[in-house]
Amino acid sequence: MRNFLKERKLKLDLLKNLREKNYSYQKKEIKNLLFSQCGTCNRSFPIKDKIKNAYVCPYCGEHFFIPAQERAQLLLDEGYSELSADKTIENPLDFEGYTEKKEKLSADTGLEEAVISFLGEIEGSSVVLCIMDSRFFMGSMGAEVGERITAAFETATRKKLPIVVFCASGGARMQEGMYSLMQMAKTSAAAKRHNEAGLLYISCLTNPTTGGVTASFAYLGDIILAEPNALIGFAGPRVIEQTMKKSLPEGFQRAEFLLEKGFVDRIISRQDMRKTLSLLLKLHERGTGE
């Protein structure tokens, strides 16, 4: 018994010494490849059900992030094509580590940038479709994102087609400084030329749509739709509270709050988005051609 207690004391002393030397033990997390858990209702369900349900929680309706390519497949008829755009300067400010991070994100996501543009049809109605993807630098708007959005508007203008843009962004890309901020004016000018040609622009705001994207092309649509509970604004709620030194109203900057205040025309669930867009496009159809 005495030996047992002595051995136990030695082990406790060893553990105490380890703690004093700030040794840390990292618990490895094993990613669950079969099930997903909703952060809103905390219910778990098979990932295949999540994909089948358009990345929407089957229990509470929470809209999860959806990759751009998969959103395109949900919306467009078969036979659509991806639009290309001119390349811009890769790292205009020679920001340390920026090029390497872009390359890693590209390898991880299969994306070249934070937005993809398509030419196709939605239930027979021709359209140019832009989809931002928050997996790539949180959908931030750098020079190439601005170039791609501008090119999509110019293609729609040239072909006399409506354009639909799904916005998802954390704002301007800080690694590109003023080159990023310039895209607000560039994309807005392209949207204005499209508007002056008498063509329809539908903006769809998803979670989150913030910063310079909100302050430019995201809010220039003829019709502004939003997904349920999407965070939409310029500065985030925490920044506003810290600046104003005041508590914000319940649900501030969420799609439902903005609908009530008249900043959004309608909130559409993801399962109904294709049908809604098809109806809007058909109501505004006109002759097309080069």
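**A cis proline and its surroundings**

Modeller: Pro 208 lies in strand 7. This is a predicted model, so read each value as computed. The peptide bond from Asn 207 to Pro 208 is cis. Its omega is near -5 degrees.

Strand 7 covers residues 201-209, and Tyr 201 belongs to it. That brings us to the rings. The model has 7 aromatic pairs. One of them joins Phe 153 and Tyr 201, with 5.0 Å from centre to centre. Their planes make an angle of 85 degrees, and the pair is edge-to-face. Phe 153 sits in helix 5 (residues 143-158) and Tyr 201 in strand 7, so the pair links parts that are 48 residues apart in sequence. Both Phe 153 and Tyr 201 are buried.

Another pair is Phe 252 with Phe 257. Their ring centres are 5.5 Å apart and their planes meet at 65 degrees, so this pair is edge-to-face. The cut-off for that label is an angle over 60 degrees. Phe 252 has 23% relative accessibility and is partly exposed. Phe 257 has 16% and counts as buried. The line between the two classes falls at 20%.

Elsewhere, Phe 45, Tyr 59 and Phe 64 form one aromatic cluster. The charged end of Arg 43 is over the ring of Tyr 59, 3.8 Å from the ring centre. The charged end of Lys 50 is over the ring of Phe 64, here at 5.0 Å from the centre.

Helix 5 supplied Phe 153, and the loop between helix 5 and strand 6 (163-169) holds Lys 160. Phi of Lys 160 is positive, near 55 degrees, and the residue is not a glycine. Lys 160 is partly exposed, at 34% relative accessibility. Asn 229 is another non-glycine residue with a positive phi, near 60 degrees. Its place is the loop between strand 8 (223-226) and helix 8 (237-244). Asn 229 has a relative accessible area of 31% and is partly exposed.

Lys 102 is buried, with a relative accessible area of 8%. It belongs to helix 4 (residues 98-109). Leaving out residues up to four places away in sequence, Lys 102 touches Glu 90, Glu 113, Phe 136, Phe 137 and Arg 173. A contact here means heavy atoms within 4.5 Å.

At 33% relative accessibility, Glu 121 is partly exposed, whereas Lys 102 is buried. With residues up to four places away in sequence left out, Glu 121 touches Leu 75, Leu 76, Asp 77, Ser 126 and Val 127. Glu 121 and Ser 278 are 157 residues apart along the chain, yet their C-alpha atoms are separated by 9.1 Å.

Leu 75 leads on to a helix contact. Helix 3 (residues 68-75) and helix 10 (residues 270-283) have axes that come within 9 Å. The axes cross at roughly 55 degrees. Helix 3 and helix 10 are therefore oblique to each other. From helix 3, the contact uses Arg 71, Leu 74 and Leu 75. From helix 10, it uses Arg 270, Met 273, Arg 274 and Leu 277. By class, the residues in this contact are 4 nonpolar and 3 charged, with no polar ones.

Last, the whole chain. Its secondary structure comes to 10 helices and 9 strands. The chain has 290 residues, and 43% of them count as buried. Residues 24 or more positions apart account for 67% of them.

Definitions and conventions. Residues are numbered from 1 along each chain as its sequence is written. This is a predicted model: local features need pLDDT of at least 70, side-chain atom pairs count only at pLDDT 80 or more; totals for chains, interfaces and linings use all residues. Side-chain values use heavy atoms; hydrogens and water are left out. Buried means under 20% relative accessible area, exposed over 50%, partly exposed in between (1.4 Å probe, protein chains only). Rings of Phe, Tyr and Trp (its six-membered ring) pair if their centres lie within 6.5 Å; planes under 30 degrees apart count as stacked, over 60 as edge-to-face and the rest as tilted. Helices (H or I, at least four residues) and strands (E, at least two) are DSSP runs, numbered from the N terminus. A charge sits over a ring if NZ of Lys or CZ of Arg is within 6 Å of the ring centre and within 35 degrees of the ring normal. Axes are lines fitted to C-alpha atoms, for helices over the stretch in contact, and angles run from 0 to 180 degrees between N-to-C directions. Angles under 35 degrees count as roughly parallel, over 145 as roughly antiparallel, 65 to 115 as roughly perpendicular and the rest as oblique. Ala, Val, Leu, Ile, Met, Phe, Trp, Tyr, Cys and Pro count as nonpolar, Asp, Glu, Lys and Arg as charged, and the others, Gly among them, as polar.
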